[in-house]
Amino acid sequence: MQSPQVSKIQTSLIYILLLGAVFGIIQILYHGGVHLTELTAENVTIKELPSELALSFFRMVISYLASLIFAYFFGLTAARSKWGERIILPMLDIFQSMPVVTFFPAAIAMFIGITQGHRLGVEMAATFLIFTSQAWNMAFAVYESVKAIPSEQQEVIDSFGVTGSLRFWRLFAPASVPRLVYNSILSWSNGWFFLVACEIIAVGRVKYQLPGIGNFLSRAAEQDDIRLILWGLAALISLVLLMDYMIWRPASQWALRFKHDSNSSEQLHENTHLNLPIPGFFLASITPIQLYANKLIRAFFSPVVWIFEEIILPLIWDLPHYLWINGPKAVTRSTKIISYGALTFLFVHFVILLVQLSIQLLTPPYPSILKDIPGAILVSTLRVVIALVISLLWIVPVTLMVWDKPKIRGYLLTIAQIGASLPATALFPLIILIGVRKFGGGMEVSSIILLITGMQWYILFNSLGGSMAIPADIADATRSMGLTKLQTWKRLVLPASRPALITGAITAWGGGWNALVVSEYINFKSELLEVYGIGALINNAVYKSGDTRTITYCIFSLILWIVLINTLLWKPLYHGSLERYKFDG
Amino acid sequence: MSITTTPLFEFQHVTQRFKLPQGDLTVLDDVTFSAQEGEFIAIVGPSGAGKSTLLRLINGLLPPSSGTVLYKGKPQHAINLETAMVFQNFALLPWLTVFQNIELGLETRMSDPNARRKRVEYYIGKVGLDGHEEAYPRELSGGMKQRVGLARALAVEPEVILMDEPFSSLDVLTSINLRDELLDIWSDRDNLLNTVVMVTHMIEEALELADRILILSRKPGIIAADLKVDLPRPRDKRDPAFIEMVDKVFSLIA
Ligand SMILES: Nc1ncnc2c1ncn2[C@@H]1O[C@H](COP(=O)(O)OP(=O)(O)OP(=O)(O)O)[C@@H](O)[C@H]1O
Ligand SMILES: [Mg+2]
């Protein structure tokens, strides 16, 4: 992963391009000036499409890089220190269950407030919001892969005395690559999905809109221009396909090298080079175009790698190491005092803030909304459950049909990637116009359909991935014994996909709440369509009143509920199934 | 056994190729041979020569790229349920117990659960796994898993058993016991199982059990030699004729 072999000319070309891009972006930012206010009635046209797509893409790249750094920093710390684990994991869990809109106040306070509504601040806020839909699951990927490193490998590295950042490059980086690549694909899809929510930041009467594909789609929807929506979606899908072809497929292929494979000569059987849950129906043949793209990307990443190696890695790596992992004897007295002092200061500050907030929240008069919350959560939960069940009802049979057909499975995964990337909010007008208005069903049905569009792909991704991981020799053994199709499904495919199905259901459950918030409350042709539920409550609080206390109550109860269900229901189910249904017997 | 009967199974100009990213790999190249009922055939050859592939072709897991595999004179197009396979890597289902793993192949063949239970228990005893019926594969040692794989194939009482290095992870004593057990089942003409095809890396094991040895070569993947083993049974490894035979096979492989 170090020193990509790219010629000097190419490298300089890339730097020039990059500098040009940065220059251009600064130009745009300043040209945009400070005239950001309320929603402008100005119409979008097809001409804006390329530049808006490019802007969104740029935000996604920045946010992805930030997520990568975040993922390694927190993932590694959590995996390597007991305390880190105790604090970071629940934190990630909570963040993961927070719908994007609930980060609005934070985004506004952190970025827009400080820059006084300057374009740059709004840009940063939007990028931060995209980050909130990408970062957490990547951090989990790093954490879980580092945790899963077999102790023998750790011991080998230890026994050769490999320490410091070399240890990172030889052990942790390679170990985390396969999962990270896979989760990056999910993160990108996620980022696209929530783009609409991220590019239109609104709290109460304050509203900031940034040019971008998300904004384009929602404006096109407001203009009730189906053709424009379709153009926007087509452009988005093309970009998703292009990225799939140029980046994710080669990356997935490359990631295979880092998988610890088990022993057998059987490993080569037809579907085993598709072992990773990744789209890869033509993984085996990397074309020259892909190779070239790969070179360019690596050249682009080489400065990033440098920054990472020289600045961030020492921070991630050595700082916690000196502070607490290695124990007090490794540090000088003064650094210890300074660092512990700083930590204590931060902690005290945090506690004071927390106490202030609680007092503020607990003093009467309580907003009348309080008594609505439990009922709303219940209704919303019902919706999420229905969407989950419907998704499972079509995905499980499909998985059973295609588990031994790598080609079809590859196509399905690409479709899932596209489906997962389409912003639900952009689909709303289509679904409402075509589905609901034509065939009836009302807002209740359409909100569940919208929810499904946000949830099903996670399950499909995982379920196909799980069925793909069935070792070829075990599949052969069941065939050799002459099991019927039904028996093979019951004895082999269903149990084998079980952990992945549960993972998919958990992820969909998390993502579902996020999608719920956007699907219970829809602005359609300046008409407000909403159904009773916690998502609508939150949206009302955020977009209409902007009342911090109401927002806090809603979000707080929602998070509590999600985390409760996670710990009481999903986690035991997941761990139970992992233990029993994993291959390595 | 007369030579004029139709062979039990037969390879006619069988070629097996695999498509790999770096081009086609020809593993078996125009292989022709036949096997009579009642034979005990050992297949030896270097790693990657195509021994497991050959077994898969007999079993019907793999359709040949070209050529025909005949069983009792009929070309084969699907899994041959008269044959049962013992897999090199055991291939047990991790979520089923030892008992359930062995029972799996019987579910389609025997509808009476009591008869099935008896059959499974009988073979669990044969391979010496009594008391482990309810264990899961991950709780077993490599050798024990191998025995589950063996019992699973024996339990369906096939006409031909195809074994891919079936004794490789066993300790010396267990493997001696199981070899004897296998020879008993094979030579007992009352049961259906009269023909064995076994892949092995150990020349001595091949000579101790088989009455015919096929030596596969790599690149080209052909049968380099087809030897009859006429040594009297039970065989003695210290017998000069045995040692001579070992040397002969060795020189053919090397
Ligand atoms: N399904 C497959 N796809 C691609 N290549 C395969 C496949 N099955 C086998 N091969 C290749 O065919 C060759 C022969 O494989 P095979 O498993 O038959 O060898 P073997 O003689 O059993 O070796 P060993 O003694 O190591 O078990 C190997 O190079 C293997 O990589
Ligand atoms: Mg083999």
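## A first stop: helix 5 of chain B

In which helix of chain B is D184(B) found? The answer is helix 5, which covers residues 172–187. D184(B) also belongs to a patch of negative charge on the surface, where it gathers with D180(B), D188(B) and D190(B).

## How confident is the model?

Before we look further, please keep in mind that this is a predicted model. Its scores are ipTM 0.87 and pTM 0.76. For chain B, the mean pLDDT is 90, and 98% of the residues reach 70 or more.

## An open sheet in chain B

Chain B holds an open sheet of four strands, and their order is 2-1-4-5 with antiparallel pairing. At the edges are strand 2 (23–35) and strand 5 (74–75), each of which pairs on one side only. Strands of a sheet pair through backbone hydrogen bonds, either parallel or antiparallel.

Nine bridges join strand 1 to strand 2 of chain B, while five bridges link strand 1 (residues 9–20) with strand 4 (residues 66–71) of chain B. F11(B) shows both sides of this arrangement: F11(B) stands opposite F33(B) in strand 2 of chain B, and its bridge partner in strand 4 of chain B is V69(B). Another pair to look for is F9(B) with Y71(B), its bridge partner in strand 4 of chain B.

## Backbone details worth a look

Strand 2 of chain B also contains D30(B). This residue has a positive phi of about 55 degrees, although D30(B) is not a glycine.

Chain B has cis peptide bonds to look at, too. One runs from K219(B) to P220(B), with omega near 0 degrees; P220(B) sits in the loop between strand 9 (212–216) and strand 10 (223–228) of chain B. Another runs from R233(B) to P234(B), with omega near -10 degrees, and P234(B) is in the loop between strand 10 and helix 7 (240–253) of chain B.

## Salt bridges, with one from chain A

Over all chains, the count comes to 21 salt bridges. Side chains of opposite charge can pair when their charged atoms come close. In chain A, D476(A) forms a salt bridge with R479(A), and their closest N and O atoms are 3.8 Å apart. Because D476(A) and R479(A) are three residues apart in helix 17 (residues 472–480) of chain A, about one helical turn separates them.

Terms used
Residues numbered from 1 in each chain as written. Chains lettered and ligands numbered in written order. Predicted model: local features only at pLDDT ≥ 70, side-chain atom pairs only at ≥ 80, totals over all residues. Heavy atoms only, no water. Patch = residues over 30% accessible without salt bridge, like charges linked within 9 Å, V, L, I, M, F, W, Y side chains within 5 Å. Areas by Shrake-Rupley, 256 points an atom, 1.4 Å probe, with all protein chains shown as cover. Salt bridge = Lys/Arg side-chain N within 4 Å of Asp/Glu carboxyl O. Lys, Arg positive; Asp, Glu negative; His and termini not counted. Charge placed at Lys NZ, Arg CZ, Asp CG, Glu CD. Helix = DSSP H or I, 4+ residues; strand = E, 2+ residues; numbered from the N terminus. pLDDT = per-residue confidence, 0-100. Pairing = 2+ DSSP bridges.
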